[in-house]
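Please look through the chain below before reading on.

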Amino acid sequence: MLQGPSIDISGSRFTPLVVLELASDTKEEAIAWLLRRIRDQQQNGGAELLVEQLAPGVQGQEKGNLNMFLVGATWQRLLSGAEDVGLFKEFNDGSMRGFTCANKHNFKDFKGDGDSFLSMAECQYIIKHELDTLRAKDETHVPGHAEAKLYPGKSIIRRLQSKGILIQVFPLHEKVELKRLSFSWYKKVKLSFQPLDDIRHYYGEGQALYFGFLEYFTFALLPMALIGVPYYLFDWEDYDKYVVFAVFNLVWCTVILELWKRCSASLAYHWGTLSRKKAFEEPRPGFHGVLGFNPVTGREEPLFPNAKRQLRVYLVSLPFVLLCLYLSLLVMMIYFQMEGWALSVHDEDPTFWTGILLFIPSIIYAVVIEIMNLIYRYAAEFLTEWENHRLESSYQNHLVLKVLVFNFFNCFASLFYVAFVMQDVVLLRQSLATLLITSQILNQFMEAFLPYWLQRRRNKKMIRKVQRRRTLEGKELPLAEQVRLEADMSTYLGTFDDYLELFLLFGYVSLFSCVYPLAAVLVVLNNITEVYSDAFKMCSVFKRPFSDPAANIGVWQLAFEAMSVIAVVTNCALIGMSPQVKAQFPDSETQLILWTVAIEHGLLAFKFILTFLIPDVPKHIQINLARLEFESLEALKKKKMLEASELSKTIQ
């Protein structure tokens, strides 16, 4: 349901959905040309949308950028756009089907003209799609900007973004819905499930799936936490008992990931994204190359040789990643030297303060790890951008791989060294606890408090607007004020960092929690606060992101499954190192290693068999999807038979 301020344009009123902000020095002829293309009819190559320039701020006090434009659309245009993007909606029989204007009255909740059929998030996604598919025709460059060349068939919006003419495109918040969502999501502390359907309705499926996975991961940790507390309290000094916990760990990390696939498939089917066809990917805004023809689309666009890209990946990016791993190894060795020094000081004169000193090296190392991860992240983004990937999916995959490899090595290398080289269970427990607790404190500070504090510090105008909004408590904020307020908010960069944090926490729990059973308890507490801090950021700190019609968590599912495979090897090795198991092979260490490797291979085989036996999609959803496919094929046959019959009548 669309709710919000409307503005008058050419005698008709429309609800503004999306904001376009052009650079303040954009030429008038470029602005006029862009607005004309946005308003023009589709048959003429336009987007057929409604657009109007934003009015000045309240009482003319704000002297910000005047090149801000509000974009909306008529309901008929939004409905045709819903068909263009392949939006799935609930049919009268309860199934999820692709929306078509010809069949619109057979969809549930379609009443009258359908003015409440689409959510605001869906409307904004449609607007974004129509803007992104606005293509250049016979223009050679952006009017007034000779340096911004255009190519026939190339996306105009992406070109304007890459040249810095278009500063930002963002959807507007829906104030009433946001207030309602905030209250049910994080403003009242309660023990209940998250409002995933409301989150999906407001932010889209991609964001809802992240919070769904965060909630699922938290509940999946409860068995580990419930077992870990008594295990820690009563059996801690008996290190041989961690064998039982390690075995439980192996089964747990496999089962929860397989069950999550089914859970995400159910959510995606309920939301209509499971069987939705992926849209054809356009080149990234920053992609560049020599002008040529795309063999798939036949359009003229920049081309970049794949061989050249591979050379950049293997001759520059790969050596850089290896160098960073080497530097991380050096930092780890310095940490162990500090650890040895602190231990020697404590052994010479054990006091309360020297006992505290034992934890200082681990705390410093944990802080250094977070700093190195942050610096490396910027370097990885720069390198991946320089590799010049044509598609956003390829860019994301290469970036995720770089970041995961370094973060995994940087965060877990010291634990592997302590566990399997030093074979010191006490030090492993201490290191794991210190790294986990310190990283959680730093992450909560960086994610919950720092973004809002930095926002207030670097933008005094933002402070004035926030204060003014508070003085207007209970009153409706003027549209111009709302738009300029949101334009100054931080841009949400997606769920990358959120999934990365959960990936590392999953590693701490699945790899070594058998020697520190409270790890699961700490992660549960972290995830509970993570829900509230992430919800606060989404509703109060960041601009509203565009909806992302995702069907699953994407490449992160593979990342978590890879971690679970490593967890099998790690836990088997820890079991093999336990005194209880070593006592069974007093004369032959080689035999112990062979048995450990054999059991590890057997568990891996069991894991993959379990993966095969548990279907990724529940049976009833498979049946529903198969039925819909059968009905669509039957409808296609009837249509062809009818066309053939009409053709034969015409010939006769």
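**Briefing: buried residues, loops and helix contacts**

Asn388 has a relative accessible area of 0%, and because buried means under 20%, Asn388 counts as buried. This residue belongs to a model that is predicted, and the protein in it has 652 residues, of which 50% count as buried. The points below begin with the protein as a whole and then turn to its loops and helices.

**The protein as a whole**

- When contacts between residues at least 6 apart in sequence are considered, 74% of them join residues at least 24 apart.

**Positive phi angles**

- Most residues other than glycine have a negative phi, and this is the background for the next two residues.
- Asn388 sits in the loop between α11 (360-386) and α12 (392-422), and its phi is near 65 degrees, a positive value in a residue other than glycine.
- Asp109 also has a positive phi, near 75 degrees, and is a residue other than glycine; its place is in the loop between β7 (96-98) and α3.
- Asp109 has 47% relative accessibility and therefore counts as partly exposed, whereas Asn388 is buried.
- Gly86, which follows helix α2, has a positive phi near 75 degrees.

**The loop between β7 and α3**

- Asn106 lies in the loop between β7 and α3, and with a relative accessible area of 34% Asn106 is partly exposed.
- The side chain of Asn106 makes a polar contact with the side chain of Asn103, at 2.4 Å.
- Leaving out residues up to four places away in sequence, Asn106 touches Phe91 and Asn92.
- The C-alpha atoms of Asn106 and Glu90 are separated by 9.3 Å, although the two residues are 16 residues apart along the chain.

**Two buried threonines in loops**

- Thr273 is found in the loop between α8 (242-271) and β11 (290-293), and at 2% relative accessibility it counts as buried.
- A polar atom of the side chain of Thr273 lies 2.9 Å from the backbone oxygen of Ala550.
- Ala550 is also among the residues that Thr273 touches once those up to four places away in sequence are set aside, together with Glu205, Ala268, Pro549 and Ala551.
- Thr495 lies in the loop between α15 (479-487) and α16 (496-512), and its relative accessible area of 18% makes Thr495 buried, because the limit for that class is under 20%.
- Apart from its neighbours within four places in sequence, Thr495 is in contact with Gln207 and Tyr210.
- The C-alpha atoms of Thr495 and Ile553 are separated by 9.7 Å, while the residues themselves are 58 residues apart along the chain.

**Buried helix residues**

- Helix α15 is mostly covered, with nine of its nine residues buried; among them are Glu481, Arg484 and Glu486, as well as Leu479 and Val483.
- In helix α2 (residues 75-84), the buried residues are Arg77, Leu78, Leu79, Ser80, Gly81 and Ala82, and the buried residues of α2 pack against α3 (120-132).
- Arg200 is found in helix α6 (residues 196-203), and at 17% relative accessibility Arg200 counts as buried.
- The side chain of Arg200 reaches the backbone oxygen of Trp271 at 3.2 Å.
- Not counting residues up to four places away in sequence, Arg200 touches Glu122, Glu205, Ala208 and Trp271.

**Helices α5 and α17 side by side**

- The axes of helix α5 (residues 175-187) and helix α17 (residues 519-541) come within 10 Å and cross at roughly 170 degrees.
- Angles over 145 degrees count as roughly antiparallel, and α5 and α17 are therefore roughly antiparallel to each other.
- In this contact, Leu178, Ser182, Trp185 and Tyr186 of α5 meet Val531, Tyr532, Ala535, Phe536, Met538, Cys539 and Ser540 of α17.
- Sorted by class, the contact of α5 with α17 has nine nonpolar residues, two polar residues and no charged residues.

Key:
Residues numbered from 1 in each chain as written. Predicted model: local features only at pLDDT ≥ 70, side-chain atom pairs only at ≥ 80, totals over all residues. Heavy atoms only, no water. Buried < 20%, exposed > 50% of the residue type's maximum accessible area, 1.4 Å probe, protein only. Helix = DSSP H or I, 4+ residues; strand = E, 2+ residues; numbered from the N terminus. Contact = heavy atoms within 4.5 Å. Polar contact = N/O pair within 3.5 Å; in protein donor to acceptor, adjacent residues only side chain to side chain. Axes fitted to C-alpha atoms, helices over the stretch in contact; angles between N-to-C directions. Parallel < 35°, antiparallel > 145°, perpendicular 65-115°, else oblique. Nonpolar A, V, L, I, M, F, W, Y, C, P; charged D, E, K, R; others polar.
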